[in-house]
Amino acid sequence: MEPTNTLFMAKAVIILVVFAITLGVAAYSTYFERKIAAFMQDRVGPDRAGPFGILQPLADAVKMFMKEDFIPSHANKWLFIMGPCLSMLTALMTSAVIPFGDTVTVAGVTFDLQGIDVNIGILWVFGIVSLGVYGILIGGWASNNKYALLGGIRAASQNISYELAMGLSIIAILMFSGSLSTKTIVEAQQNGHWNIFYQPLGFIIFIVCAFAECNRTPFDLPECETELIGGYHTEYSSMKLGFYLFAEYINMFISGAVMATLFFGGYDYPGYEFVANKLGETPAAFIGAGALIGKALFFVFVFMWVRWTLPRFRYDQLMNLGWTGLIPLSIYNVLVTGIGILSGQPIIAGIAGFVLLILGLIIYDQLTVKKKIA
Amino acid sequence: MKLTNRTKVLEQGEMTLAERLYFPAIVGGMATTLKHFFQKPVTIKYPEQQRYLGPIYRGHHILKRDENGAERCTACGLCAVACPAEAISMVAGERKAGEENMYREEKYAQVYEINMLRCIFCGLCEEACPKQAIYLRHDKIVPAFLERDEVIYGKDKLVEKMDQRYLRDGWK
């Protein structure tokens, strides 16, 4: 077989495996969401379908497929069908550029555990995530229902607002790596030089924006039941609704993987050298892929943990936080990172910048804000 | 005009910096939820697991026998009179010779029926009974019924079985 052909086959297998892992994780996220919610409220959660309820996602899928698939007569039929399809498509496309592992050699073929290593990697993620809002917006608009439309509008404006701060927080990372390729970013973080140590502020900004981009609590205003019935999916039923919910869980997993890639060293893990010496490069790389998935799953847990802790924001609070809080903060972060790179002491500059920010806030607070009357 | 001295004027100033930053509150809240995450669930999985309902719970009715196995009920009808839901009905009979080990007194209930759809488990029959014959068990509930003809409980379901006697704390 020609080398290019085997490489193509290897990539196809990787894409299939990534696809399967993503879908499996998303299916089981629905189960773990309910379990974690239950544990945090001192309950048991679903435990009837199979041992510990592990067959619950199957039962849910059967339920979703069996329900009536209703399309309202006043809805725009093709756009109504396109909405969930687009959501699902964009959610699944993002994982293509995530480097799941280092170079491996299987059956004489050497390849990277990554769908595609493009030099615009992180831009690809951003492009697809921006497209993702169309799924929600089209679904909300095509329903021809004012609640759905309001949900769609909220999703669009929220995603646009938070994409700015998210992009700015990534610029600081790009200044370190000097490349947009996710592979290069991960390689720059090997051996414990994880970006989280250089960019704690950037990470906080990024994770807050990730919550907003995934429409998760405390920023789940597009599907806010108390105000909008069901939000953008008010008119959806059956598996179309299922696709919307599924896309949300896929987005959570992928954004966890992106966070691990950008801030937590990707497939790097402590003791990589030791394992590589003992077992060889290929098993070490596969363990690295496991480490990346583990990190992503940890972030999925954080997403759920936050969901069952924090109440929902009000819409003006959401916009206020995005535009007057996170965007200036991320610009400040870029500035501090630039000074750190120029002075050659990125960690010290980062800590100094953080201390300076807190000091500045305290001084500003002392000067301007009236104190509480004791 | 001030009516009492108990009024307290609350004045809320601006929030402090720590409050406006949200972060301390978010971290505190997440610590709380994580603490609960590792706590034991309080759920009782009902049909499999049952909770002790207490010594005075009013459940399934029982017509007691005395220590020799003779029925205590004399069909005086006070329980039926006391019953606010009119759930109890009975037919009295006279004890024949040779039945002394079956019924304690000369008069007994030939038929004793409780309509479980009417019963409100108030326990007034238990209070009215002068012979300590009827009790509401604390350890057993009346099961759900699916058919109309299961609703009226006769003596076959109500009279105490000698091999599984019902005892409460303090009884012999």
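Student: Which residues of chain B does UniProt place under "binding site"?
Tutor: The unreviewed UniProt entry puts that feature at B:Cys83, B:Cys119, B:Cys122 and B:Cys125. The model here is predicted.

Student: What makes them gather at one spot?
Tutor: In sequence they span 43 residues. Yet no two of their C-alpha atoms are more than 10.5 Å apart, so they come together in one place.

Student: Why is B:Cys83 called buried?
Tutor: The cut-off is 20 or more other C-beta atoms within 10 Å. B:Cys83 has 20, so it counts as buried. This cysteine sits in the loop between H3 (78-82) and S2 (88-94) of chain B. Leaving out residues up to four places away in sequence, B:Cys83 touches B:Ile88, B:Leu124 and B:Cys125.

Student: Why is B:Cys122 called partly exposed?
Tutor: Buried needs 20 or more neighbours, exposed 12 or fewer. B:Cys122 has 15 inside 10 Å, so it falls in between. Its loop runs between S3 (107-115) and H4 (124-128) of chain B.

Student: What does S3(B) pair with?
Tutor: S2(B) and S3(B) pair antiparallel over seven bridges.

Student: How do you know that the span of H2(B) agrees with a helix?
Tutor: H2 (23-37) of chain B has 15 residues. At 1.5 Å a residue they should span 21 Å, and the end C-alpha atoms are 21 Å apart, so the two agree.

Student: Is H2(B) buried or in the open?
Tutor: Of its 15 residues, zero are buried, so H2(B) lies largely in the open.

Terms used. Residues numbered from 1 in each chain as written. Chains lettered and ligands numbered in written order. Predicted model: local features only at pLDDT ≥ 70, side-chain atom pairs only at ≥ 80, totals over all residues. Helix = DSSP H or I, 4+ residues; strand = E, 2+ residues; numbered from the N terminus. Expected span 1.5 Å × (residues − 1). UniProt positions renumbered as here; feature names shortened; annotations may be inferred. Contact = placed C-beta atoms within 7 Å. Pairing = 2+ DSSP bridges.
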